[in-house]
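Trainee: Could you take me through one part of this structure in detail? I would like to look closely at a pair of helices and a couple of residues there.

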Amino acid sequence: MHLSKPTLTLLLLGLSGILVGFTFKLNHLMGAEQVFNAGVFAAVVGLLLAIRDVWKQRNA
């Protein structure tokens, strides 16, 4: 399975955003919810793009 660079970038940014947001939340720092939500959004978009990449390769 080969994923495109934008897909991998969004997945990595999403996962890192989730981890940073979770860490901020544990330390009760401001902005934790926004960082976490942005990370989840990027991860979901990255997963949807990954599904698209897999389907495109399967049909090709």
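Mentor: Happy to! Let's begin with Asp53, which touches His2, Leu3, Ser4 and Thr7, leaving aside residues up to four places away in sequence (contact means heavy atoms within 4.5 Å). Before going on, a word on the source: this is a predicted model, where local features need pLDDT of at least 70, side-chain atom pairs count only at pLDDT 80 or more, and totals for chains, interfaces and linings use all residues. Residues are numbered from 1 along each chain as its sequence is written, and side-chain values use heavy atoms, with hydrogens and water left out.

Asp53 lies in helix α2 (helices are DSSP runs of H or I, at least four residues, numbered from the N terminus). With a relative accessible area of 8%, Asp53 is buried (under 20%; exposed is over 50%, partly exposed in between, with a 1.4 Å probe and protein chains only). Val44 is in helix α2 too, but Val44 is partly exposed, at 44%. From Val44 to Leu11 the C-alpha to C-alpha distance is 7.9 Å, while 33 residues separate them in sequence.

Now for the helix pair. The axes of α1 (residues 5-26) and α2 (residues 32-59) come within 7 Å and cross at roughly 155° (axes are lines fitted to C-alpha atoms over the stretch in contact, and angles run from 0 to 180 degrees between N-to-C directions). The two helices are therefore roughly antiparallel, a term for angles over 145 degrees. Sorted by class, the contact of α1 with α2 has 16 nonpolar, six polar and three charged residues.

Methods
Angles under 35 degrees count as roughly parallel, over 145 as roughly antiparallel, 65 to 115 as roughly perpendicular and the rest as oblique. Ala, Val, Leu, Ile, Met, Phe, Trp, Tyr, Cys and Pro count as nonpolar, Asp, Glu, Lys and Arg as charged, and the others, Gly among them, as polar.
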